[in-house]
Amino acid sequence: MNALQRLEEFALTQGASFKSIRVSGVIKEVTPSYYRVAGLSKFVKLGDSIGFHGHGRTQLGEVVRIDDNGVTVKPFDGQIEAGVGALAHFVGDMKLGPDVSWRGRVINALGEPIDNRGPLVHGQKALSREATPPSAMTRARVKTPLRTGVRAIDLFTPLCEGQRIGIFAGSGVGKSTLLTMLAKSEGFDTIVVALVGERGREVREFLEGPIQDNLYKSVMVVSTGDESPMMRRQAPKTAMSIAEYFRDLGDSVLLIVDSVTRYAHAARDVALATGEPAVARGYTPSVFSDLPRLLERAGPGVDGKGAITGIFSVLVDGDDHNDPVADNIRGTLDGHIVLDRSIADQGRYPAINVLGSISRLAEHVWTPEQKELVRRIKGLIARFEDTRDLRLMGGYQQGNDGELDQAVIIVPKIYEALRQDPSSLPSKDAFLDLAQSLKQ
């Protein structure tokens with residue numbers, strides 16, 4: 001029993017007429033990114049919410065550090081409207097109550113509606129945003145193939161229901177566009193999308209774009225780039241909790257998070273405010289433990305339940321695919337799709353580097369014949385790309401190398417077959433589409 005519970009029990013035994021007690025502290029320090037509250041150290045734990053009244057409304061923050069002198073609170077609002085000496089009260093753990101009626105709605109990181117369609121209906125079961133995934137021994141196997149409708153993915157990095165895969169790309173290479181195409185995928189009962197740190201204009205573009213046909217079964221969680229780090233850090237957790245709710249109902253859920261890198265940036269900002277030292281390119285140790293904890297929550301549920309197929313975009317800083325965050329995420333997921341700027345510069349979209357991309361569960365999707373075909377196609381593409389400079393300099397002569405002759409004829413047709421944009425119809429059978437393109 002903590003100090004707050006003991007205080008409440010004592011008050012009730014004394015015949016008090018109230019059911020609960022509001023415990024408050026005093027704000028002693030205010031900075032641009034956090035504030036310090038004295039008097040609450042004995043009553044709170046990390047992750048609890050603290051509120052104070054400012055300009056006629058209650059502003060909330062989260063406890064990120066506790067010591068004998070007080071607690072450090074990071075606000076969810078971008079601007080702290082409190083002064084030294086103001087009272088801050090204990091709120092507790094902010095739970096989330098998803099409901100099936102949330103499909104078709106747009107909410108913020110705190111689970112509040114932002115689509116001007118009235119209040120949300122809250123479910124009977126309150127869920128924590130810090131839930132733990134099912135244990136390794138109770139989780140179902142991942143082996144049911146999925147069709148995304150994107151030919152390059154269905155051919156070279158096919159997915160399974162419950163798989164977690166990352167889309168790694170620099171800025172402006174078509175990452176968000178590819179996610180929009182994937183959001184059109186059929187075969188999912190519910191789609192949950194978290195837009196983390198994105199530009200504000202992209203929200204309506206996403207809603208009114210190709211995903212519009214699937215909007216009736218989608219839940220959008222939005223935290224734009226101008227919001228506080230706490231909101232950007234909270235948005236993927238809120239989306240994950242909603243996906244877990246529908247998974248436990250037995251749904252096949254598609255979870256899209258764009259982007260995990262901006263979640264890592266927000267987590268770094270919070271950790272630095274607590275005094276945690278930076279260890280790798282400014283990132284703190286807790287960031288590299290927070291990422292697997294979040295990503296591991298996606299995937300299959302226990303046997304007999306649904307599954308969360310997670311697609312996470314990763315914004316690689318400076319096109320460095322080995323930066324600490326990208327490297328950490330790549331080792332946690334079940335595959336990665338690499339978008340290449342040089343391919344985008346050639347006008348080929350989606351700009352997927354099929355040689356640098358991999359799906360660790362492709363064996364459950366390909367037939368033996370398809371596996372051999374993909375192996376041979378990758379070999380031709382590798383030969384075509386390795387000799388690009390040689391051919392540009394005029395060093396290639398037809399007839400001297402049969403394999404290279406074949407690559408020069410076939411690979412451009414393969415590249416043309418892989419072209420798609422959000423307005424294109426989803427592919428029903430990627431291998432059949434490729435065969436028809438090669439016959440032309």
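The lining of the second largest cavity has six nonpolar, three polar and no charged residues. Here Ala, Val, Leu, Ile, Met, Phe, Trp, Tyr, Cys and Pro count as nonpolar, Asp, Glu, Lys and Arg as charged, and the others, Gly among them, as polar. The model is predicted: local features need pLDDT of at least 70, side-chain atom pairs count only at pLDDT 80 or more, and totals for chains, interfaces and linings use all residues. Residues are numbered from 1 along each chain as its sequence is written, and side-chain values use heavy atoms, with hydrogens and water left out.

The structure holds two cavities of 30 Å³ or more. On a 1 Å grid over the protein atoms alone, a cavity is a set of points where a 1.4 Å probe fits but cannot get out; a pocket is an open set with protein on both sides within 12 Å along at least five of seven lines; lining residues have an atom within 4 Å of a point. A volume is the space filled by probe spheres set on the points, which are joined across faces, edges and corners. The second largest cavity has about 40 Å³ of space. Its lining includes Leu146, Thr148, Ser185 and Phe188. The largest cavity has about 70 Å³. Thr148 and Ser185 are among its lining residues, as are Lys184 and Asp421.

The largest pocket has a volume of about 570 Å³. Of its 29 lining residues, Gly47, Glu62, Glu130, Arg233 and Lys237 are the closest to its centre. The lining comprises 11 nonpolar, six polar and 12 charged residues. The second largest pocket holds about 390 Å³. Ser176, Thr177, Glu198, Arg199 and Glu202 are the closest to its centre, out of 22 lining residues. Helix 3 (175–182) gives the largest share of this lining, five residues. Helices (H or I, at least four residues) and strands (E, at least two) are DSSP runs, numbered from the N terminus.

Strand 16 (residues 335–338) is covered on both faces. Gly335 and Ile337 are buried on one side, His336 and Val338 on the other. Buried means under 20% relative accessible area, exposed over 50%, partly exposed in between (1.4 Å probe, protein chains only). Strand 16 pairs with strand 10 (residues 164–169) in the parallel sense, over three bridges. Two strands pair if DSSP finds at least two bridges between them. Val338 is the bridge partner of Phe168. Strand 17 (residues 358–359) runs antiparallel to strand 16, joined by two bridges.

Thr284 lies in the loop between helix 6 (260–273) and helix 7 (285–295). Thr284 is buried, at 0% relative accessible area.
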